[in-house]
Amino acid sequence: ALEEILRARDTYGERKFTAADNIIHHRYFRDFLPRLERENVELFYEVKANLSEEQVAQLARSGVHRIQPGIESLSTESLHDMKKGVQGFQNVELLKWCAIYGVAPNWFYLYGFPNEPQHVYWEAIERMKRLVHLPPPKNSNPVVIDRYSPLFHQRDALGLKNFRPAGEVDLIYEGLSDEERLQISYHFLAALPQGSELPYEIPLWRAVKAWNAAYDAGAKLYQFLAPGATLILDLRFSRLQCYLLQGRGHELHVAMRRAQRTAALVRSLAESEEAQRDHGWENVLLAHVAGILKAEIIPSPSESQGPAFLESLRERSLVEWIDERWLALAIDCPDVSWAKQFGLETFVWHPREEHEQLVETQILVKIQQGESSEHHATSGPNDDRSGIPPLRSLRSSESGLGSTLGGIEGPGI
């Protein structure tokens, strides 16, 4: 496969490819994709939705910036009925990884299954309001029955009526009988046993359209991490809202990068040692920016306050309770220019292979800005602030940044 791609690139100058594989094989993440990392090609792949963060990162490094994952729904109950083999929280995780690593997922929200519970759609409509910073579905579509699918094989047991080929098959093959047309068709339609009136259909369509509109307008929920603190900037709704998590609260939020059960989070809280945390320059700088932004400081929980702390994050729509798990919704900010307006460029997420170059660049910038050795000598050996880089993006004063941010509204900043 690698030889074919490189031959086509070198022969025809083509760098964009679409893989014919129905689903990318998992071994490709080990023995194929890494070999594409420096070949300057772009690929499209169909993938399963249960990809890990590292797998999505590998796709991005290999030039796979467009994928078609089988997400289809955010409800585990619906996914189970589709025989998908994944749960709703995994699909939301995948949307997070795609947003972080710049991989565009092409997906649709499916509905209209036989004997489906309606409450899963009403729950999804509410959930979508909190996910507008993540890649949305293209549309909400009624399910089409394909040959060889579970709906095709189990149509009688599921109570599907008026089973027939989809499209204009009767016109294309007008000389064939109904049975013959049925035998050569691939897509089918049928009447649902619960009837065709679906109360959630229009609200679901509107929710998906609203998600797309907010995402296109620039809805954001970014996190900026220091060793002992997290600053969250929320531009999903009307105006900028900022939150600062420190100590145990920061650690719990970091743990929820992937979905976690309450028991695991409470256990990690009990094992945490608040007093031994490092309070280096990164924490000081992040707290300084948080103060300028007038961020709400969410109190760090004690050992017994874990559940109440999680609920406080949910009230602010910072975490999602899904499949009896807690999942943090904020993503790492990959945009230096966006972060710079808040003085947060130091905390912008970078791929691991670029980290050393970033640190070296920051050191050079500090030197060029005239931070002499005599200046550092004036700080005591225990003064953590001696390593703080200049607050270049905080304007000349706190009031200057405050006036700049005063009119910011989102999405669309």
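Residues are numbered from 1 along each chain as its sequence is written, and side-chain values use heavy atoms, with hydrogens and water left out. In this predicted model, local features need pLDDT of at least 70 and side-chain atom pairs count only at pLDDT 80 or more, whereas totals for chains, interfaces and linings use all residues.

Me: What is the average pLDDT of the chain?
Reply: The average is 85, and 83% of the residues score at least 70; pLDDT is the predictor's confidence in each residue, from 0 to 100. Over residues 352–413, however, pLDDT stays under 50.

Me: Why is Ser75 called buried?
Reply: Buried means under 20% relative accessible area, exposed over 50%, and partly exposed in between (1.4 Å probe, protein chains only). Ser75 has a relative accessible area of 9%, and therefore counts as buried. Ser75 lies in the loop between strand S3 (66–69) and helix H4 (76–81); helices (H or I, at least four residues) and strands (E, at least two) are DSSP runs, numbered from the N terminus.

Me: Which residues does Ser75 contact, leaving aside its neighbours within four places in sequence?
Reply: They are Tyr109 and Val120, where contact means heavy atoms within 4.5 Å.

Me: Why does Asn212 count as buried?
Reply: Its relative accessibility is 18%, which is under 20%, so Asn212 is buried. Asn212 belongs to helix H10 (residues 201–216) and touches Pro136, Pro137 and Lys138, not counting residues up to four places away in sequence.

Me: Why is Ile172 called exposed?
Reply: The relative accessibility of Ile172 is 60%, which is over 50%, so Ile172 is exposed. Ile172 is found in helix H8 (residues 169–172).

Me: What makes up the nonpolar patch that includes Ile172?
Reply: Ile172, Tyr173, Leu176 and Ile184 form this surface patch, with about 380 Å² of accessible area together. Nonpolar side chains (Val, Leu, Ile, Met, Phe, Trp, Tyr) are joined within 5 Å, and like charges within 9 Å. Areas come from the Shrake-Rupley method with a 1.4 Å probe; for residues, only the protein chains shown count as cover.

Me: What makes helix H3 (residues 53–61) mostly covered?
Reply: Seven of its nine residues are buried, among them Glu53, Val56 and Leu59. Their cover includes helix H2 (28–31), S3 and helix H5 (88–101).

Terms used: Patches are made of residues with over 30% relative accessible area and no salt bridge: like charges are joined within 9 Å, nonpolar side chains (Val, Leu, Ile, Met, Phe, Trp, Tyr) within 5 Å. A salt bridge is a side-chain nitrogen of Lys or Arg within 4 Å of a carboxyl oxygen of Asp or Glu.
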